[in-house]
Amino acid sequence: MTPILEMEHITKVFPGVKALDDVNLAVYPGTIHALAGENGAGKSTLMNVLSGTYGYGSYEGRILFNGEECKFSNIKDSERKGIVIIHQELALNPYMSIGENMFLGNERGKPFRIDWTETYEKARHFLKTVGLEESPETLVQDIGVGKQQLVEIVKALAKNVKLLILDEPTASLNEDDSQTLLNLLVQFKNEGMTCILITHKLKELEQVADTITIIRDGTVVETLSKEKDSVDEHRIASGMVGRELGDYYPKRTNQKFGEICLEVKNWNVSHPLYRHMKVCDNVSFNLRRGEVVGISGLMGSGRTELAMSIFGKSYGADISGELSINGKSVNLKNVRDAIDNKLAYVTEDRKGQGLVLSNEIRPNITLAKTERIATFGFHLDKDLEISEANAYSKRFGVKSTGIEQIVGNLSGGNQQKVLLAKWMFAEPDILILDEPTRGIDVGAKFEIYTLVNDLISQGKSVLIISSEMPEVLGMCDRIYIMNEGKMIGELTSQEANQEKIMMMILQASKS
Amino acid sequence: MATLAKNILGKYALLIVLLATMIVFEILLPSGVSLFSAHNLNNLIVQNSYVVILAIGMLLCIISGGNIDLAVGSIVILVGAIAGIFIVEWGMNPYLAIILCMIIGTLIGSWQAFWIAYIGIPSFIVTLAGMLTFRGIALIIMGARNIGPFPEEYRNLFNSFLPAHWLNDPSGSAIFVSTLVIGILVSAVIVVTKVVSYVQRQRKGYEVGNIGQEMLYPIIICAAILFLFYQLGHHNGMPAVLLIIGIVFVLYSYFTQNTTWGRHLYAMGGNEKAAKLSGIDTKKILFFAYANNGFLASIAALVVVARFNQASTQAGVGFELDVIAACFIGGASAYGGTGKVGGVVIGAIFMGVLNMGMSLLGADINLQRVINGFVLMAAVTFDIMSKKRRAVA
């Protein structure tokens with residue numbers, strides 16, 4: 001059998017990062033081909049190359065579809081050939097009807113006169129094929145997330161799809177909706193459609209995939225076929241992780257752990273908009289003085305939400321549970337309370353939520369605790385601010401033209417250092433670092449790890465949230481594993497390895 | 001040298017454009033008519049005083065995140081009408097009336113601020129509603145007629161000249177000298193504070209720039225002030241509204257640049273989420289910005305009724321647009337987070353110069369609108385383009 005799709009020697013470079021390195025992928029018609037890998041392994045990049053989001057010329061290599069070389073310059077080109085991608089975030093307009101959404105950009109009739117009869121007639125027909133009983137005139141906002149996912153698929157069907165790409169389609173679905181979706185995919189497969197499924201849920205890999213390609217750090221580790229190879233979870237887990245630890249984690253010396261300084265018990269948080277969704281489900285954990293504790297897990301496992309809900313209820317609704325700092329039960333009503341209780345949360349989203357990019361380094365560093373540079377509580381002592389900002393900038397090794405440089409013009413690593421400096425200026429005892437090294441180069445990473453060790457030697461405690469397993473393993477004394485809003489395990493640094501963590505995650509999503 | 005020139009051009013672009021515009025008008029105007037004449041400078045101040053006051057209030061709203069207040073013109077007419085009723089119809093003590101009007105203005109501002117900050121209704125909607133509501137209320141309580149004239153005691157507070165008000169000086173020489181003395185005092189204060197801060201920073205071992213470069217701007221400003229007071233001395237002296245503008249200017253410059261609240265306001269406009277995660281109560285700050293705008297609008301209203309000697313049914317029409325334009329021309333960003341009180345004052349003066357210059361040239365009022373529109377577009381385009389360039393660099 002000849003493959004319907006062949007991607008040959010695909011290499012894609014972003015400034016400073018090789019996202020894909022000589023990737024080969026062959027997909028056979030009438031199969032479900034799964035792509036598995038950690039966050040940031042390159043799955044989505046590969047699919048974006050295929051769909052033309054990264055147009056021809058921006059990558060190296062060749063794409064053959066039905067034996068014919070394709071040079072897509074945008075999504076429209078690939079869709080014309082019958083390749084349709086459905087992204088993880090649904091791209092439906094909630095204020096339009098199902099029918100309107102289905103044919104958005106692909107309207108029936110003429111450009112100056114839409115044929116609504118045909119639109120809704122066709123929509124009705126397609127909806128039946130996926131078992132949706134809704135009227136095509138229903139607004140998308142009035143149906144649940146599971147059904148919206150089906151509408152996305154129907155939308156693809158309406159484009160005469162030959163190769164359907166689904167990027168983690170069940171990530172936001174509940175058990176029943178997921179099962180419906182998977183059954184549907186199998187049904188389509190039996191009718192002859194080809195499908196690429198990006199997933200890291202073991203259940204999906206076992207249940208529906210015919211072939212599994214495992215990607216790690218931009219390269220294909222191996223491709224397993226259900227018929228020939230023995231597909232077991234160990235093999236998948238070790239394929240997904242297995243990244244070299246390397247030497248770039250500075251050692252901490254003479255460590256002594258003190259009392260428990262942060263303890264969270266039975267913590268529950270609901271999604272702020274969809275109150276029935278529990279983002280954190282009965283989570284408990286603790287942190288001792290002088291300790292670095294990691295929370296490992298995949299994206300969307302609720303780690304950031306957990307941290308932010310603790311940090312002065314800055315995320316979520318219906319927050320309940322017990323929080324104690326230094327053995328004393330506290331209720332942090334807002335961020336100010338949290339800062340006053342010597343807590344700091346260094347966000348994963350430094351540009352969106354961490355820094356004021358249009359401002360200089362100086363006011364960014366002092367922002368979380370302006371009272372430190374104020375006399376009478378309101379008058380800014382600018383001379384003091386300048387000397388403090390200079391001191392912190394120097395201590396954290398921010399490379400800039402000076403503290404009056406606009407933060408938006410700094411490199412990612414230097415922005416991260418400014419963000420750390422800002423939170424250290426607030427004089428916390430407990431720091432929560434959320435993805436502290438995301439998007440920065442190896443040298444800057446090392447500097448940040450060194451800074452973390454400095455903080456520990458000053459008797460502070462650090463909680464690291466990270467999707468990079470080597471980082472968690474290299475830096476932390478103890479590791480919690482979180483998945484789908486629940487704490488599913490706790491390992492000491494001696495017990496932990498990447499495979500063990502990945503196995504726990506895969507197994508948790510299986511049940 | 002090239003970088004120095006670039007530095008100066010970039011930093012003082014607005015001031016340079018203002019000066020260039022004035023010079024162009026000077027060339028175009030027939031001989032005998034001059035923008036720099038004592039009479040015209042005085043008019044420039046008096047005619048644009050309310051724009052300056054309102055623009056400073058509007059600036060705080062804009063800094064908070066590109067929010068605007070469309071209702072300022074309507075707050076001006078409403079507070080003006082109330083002042084008219086208090087002072088003219090009820091014969092209330094003018095000082096008491098002024099205080100009451102300022103309280104009422106603040107309350108009106110707070111009303112809008114509540115919906116915007118705490119209920120989360122877009123500022124555009126709330127202030128559009130306010131624009132309609134407050135003008136309507138004003139016209140109802142005025143019975144659709146102008147209220148006036150105001151007693152002299154009240155008018156003198158805003159319309160008189162300092163120090164001429166207290167001097168019995170038919171020849172005018174004492175007025176001239178004392179006005180010039182005020183100008184010299186103000187300039188001296190500016191230069192001395194700059195020099196003292198420079199020396200202090202140097203002594204504490206902080207990095208300081210070239211003294212010549214740092215003093216250039218204050219010296220230009222002082223020269224302008226001295227010239228202005230010299231000319232005003234030839235007229236009637238310093239108009240009282242200039243003192244009001246001066247106080248408002250100093251107060252709000254201090255607030256925005258030297259207080260924690262001012263700092264939080266800028267941070268919120270630059271990145272609201274980051275500000276919230278830094279423990280800043282962004283709702284409270286947004287509330288303050290709009291409540292304060294009501295307060296400053298009430299002062300502008302008091303100035304306006306004094307100037308026209310009546311609470312007019314036409315008062316405040318189109319003010320919001322002039323004021324918003326002055327802010328954006330003065331360097332405030334349409335997205336919030338940047339803009340300085342000084343810049344906005346220059347923006348307001350720039351608009352005033354443009355209008356006066358064109359009027360003196362006899363340009364049609366409709367042509368003036370066209371030009372004002374172009375200038376506003378050019379200013380905002382400049383702001384956005386220079387940001388893009390910075391982002392690329």
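This is a predicted model: local features need pLDDT of at least 70, side-chain atom pairs count only at pLDDT 80 or more; totals for chains, interfaces and linings use all residues.
1. On the interface, 28 residues of chain A are in contact with 23 residues of chain B. On the side of chain A that touches chain B, at least two residues each are supplied by α10 (335–340), α11 (350–354), β20 (379–380) and α13 (382–395). Sorted by class, that side of chain A comprises 13 nonpolar, 12 polar and three charged residues.

2. Within chain B, A138(B) is found in helix α6, which covers residues 123–142. A138(B) counts as buried because 25 C-beta neighbours lie inside 10 Å, where the cut-off for a buried residue is 20 or more. When its neighbours within four places in sequence are left aside, A138(B) is in contact with I77(B), L78(B) and A81(B). As for L321(B), the separation from A138(B) is 183 residues in sequence and 20 Å in space, taken from C-alpha to C-alpha.

3. Turning to chain A, helix α14 (residues 412–425) has 14 residues, and the distance from its first C-alpha to its last is 20 Å, close to the 20 Å expected at 1.5 Å a residue. Of the 14 residues of α14(A), 13 are buried, and the helix is therefore largely enclosed by the rest of the structure.

Definitions and conventions:
Residues are numbered from 1 along each chain as its sequence is written. Chains are lettered from A and ligands numbered from 1 in the order in which they are written. Two residues are in contact if their C-beta atoms, placed from the backbone, lie within 7 Å. Helices (H or I, at least four residues) and strands (E, at least two) are DSSP runs, numbered from the N terminus. Ala, Val, Leu, Ile, Met, Phe, Trp, Tyr, Cys and Pro count as nonpolar, Asp, Glu, Lys and Arg as charged, and the others, Gly among them, as polar. A residue is buried if 20 or more other C-beta atoms lie within 10 Å of its own, exposed if 12 or fewer, and partly exposed in between; C-beta atoms are placed from the backbone. The expected span of a helix is 1.5 Å times one less than its number of residues.
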